[in-house]
Amino acid sequence: MTAADEGSIQRLSVQYPGGIAARYRWGGSGSAEAVFGISEAEGTLNDRGEMAAPRPDNACRAEIRIEGPVARWTVRLASPIYDEPDAVMIDTAGLLVVKYGFLAYALVARTGELAWSQSLSTPAIAVLASSRLEHVLLQSELETFAVRFDGSVAWRAAHSEVVVAAQLVAGRLDLTTYAGGHVYLDAQTGRAA
């Protein structure tokens, strides 16, 4: 690993409810050695890279390290495209739902075990949750999925325009399109709002 490789690695630290701290590291194609170069060995390590790519170390890689009062684990992910991993913690279900590339992973917050995954046909742009919903919202460029905490799909909506951003505001999903327009969906039902 060279200093240039290490300099291209992105980092983010996030504090979640329940005293759970996450440290994210990710990089571009072929960056596995640099991303994993300072991996922490304490706790369990799960590599989910083959879920996204047959040769995951040739793809873009990410590593998420979780520590908390009852959690100490690391997960490694892969993506065929460069992406920034993003996640939401759902305390009631005890899940950390991570979007990276074309996949969303629901990881058991205490152990890092895979509870379920959802494959998307276009890149994931957001993962959103609310204590008022009984599902998590996965937004890709052309689809919205509402996935229940057990992994079953509550509803799905396809879009005719490319979505570039998503926000959850007052029970509505506000989707910004590439052309600058907005599409509003009821976050509970997926119907136009």
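Leu138 is buried, at a relative accessible area of 1%; buried means under 20% relative accessible area, exposed over 50%, and partly exposed in between, with a 1.4 Å probe and protein chains only. I start there and work outward. This is a predicted model, in which local features need pLDDT of at least 70, side-chain atom pairs count only at pLDDT 80 or more, and totals for chains, interfaces and linings use all residues. Residues are numbered from 1 along each chain as its sequence is written, and side-chain values use heavy atoms, with hydrogens and water left out.

Leu138 belongs to strand S11. Strands here are DSSP runs of E with at least two residues, helices are runs of H or I with at least four, and both are numbered from the N terminus. Contact means heavy atoms within 4.5 Å. Not counting residues up to four places away in sequence, Leu138 touches Val97, Ala104, Gln118, Ala126, Val127, Glu143, Thr144, Phe145 and Val147. Take Val127 from that list: Leu138 and Val127 are 11 residues apart in sequence, and their C-alpha atoms are 4.7 Å apart in space.

Stay in S11, residues 135-140, for Ser140. Is Ser140 buried or exposed? Ser140 is buried, with a relative accessible area of 0%. Beyond residues up to four places away in sequence, Ser140 touches Leu120, Thr122, Pro123, Ala124, Ile125 and Val163.

Now the cores. A nonpolar core is a set of buried Ala, Val, Leu, Ile, Met, Phe, Trp, Tyr and Cys residues joined through side-chain atoms within 4.5 Å. The largest has 22 residues, and Tyr16, Ile64, Ile66 and Leu96 touch the most other members. At least two residues of this core come from each of S2 (20-29), S4 (60-67), S5 (72-79), S6 (86-90), S7 (95-100) and S8. A second, separate core has 14 residues, including Ala106, Leu120, Leu138 and Val147. So Leu138, the buried residue I began with, is a member of that second core.

Back to Ile64. Leaving aside neighbours within four places in sequence, Ile64 is in contact with Ala22, Arg23, Tyr24, Trp73, Thr74, Val75, Leu77 and Val98. One of these, Thr74, lies in strand S5 and counts as buried at 2% relative accessibility. The side chains of Thr74 and Arg65 are joined by a polar contact of 3.1 Å. A polar contact is a pair of N or O atoms within 3.5 Å; within protein, one must be able to donate a hydrogen and the other to accept it, and residues adjacent in sequence count only if both atoms are side-chain atoms.

Tyr82 is found between S5 and S6 and is partly exposed, at 47% relative accessibility. Tyr82 touches Gln10, Trp26, Gly27, Gly28 and Cys60, not counting residues up to four places away in sequence. With Trp26, Tyr82 also makes a side-chain polar contact of 3.1 Å. By contrast, Tyr82 and Pro17 are 65 residues apart along the chain, with 28 Å between their C-alpha atoms.

Two strands pair if DSSP finds at least two bridges between them. S8 (residues 103-108) and S9 (residues 114-119) run antiparallel, joined by 5 bridges. The partner of Ala106 in S9 is Trp116. There are 5 residues between these strands, and Gly112 in the turn has a positive phi of about 85°.

S12 (residues 143-148) and S13 (residues 153-158) are also antiparallel and joined by 5 bridges. Here Ala146 stands opposite Trp155. The hairpin has 4 residues between its strands, and Gly151 takes a positive phi near 100°.

Ala157, in S13, counts as buried at 11% relative accessibility. Apart from neighbours within four places in sequence, Ala157 is in contact with Leu142, Glu143, Thr144 and Leu185.

Which residue has a positive phi although it is not a glycine? That is Ala170, with a phi of about 50°. Ala170 is in the loop between S14 (163-169) and S15 (172-177) and is exposed, at 81% relative accessible area.

Last, charges over rings, meaning NZ of Lys or CZ of Arg within 6 Å of the ring centre and within 35 degrees of the ring normal. Arg76 lies over the face of Phe36, 3.9 Å from the ring centre. The charged end of Arg172 sits over the ring of Tyr184, 4.3 Å from its centre.
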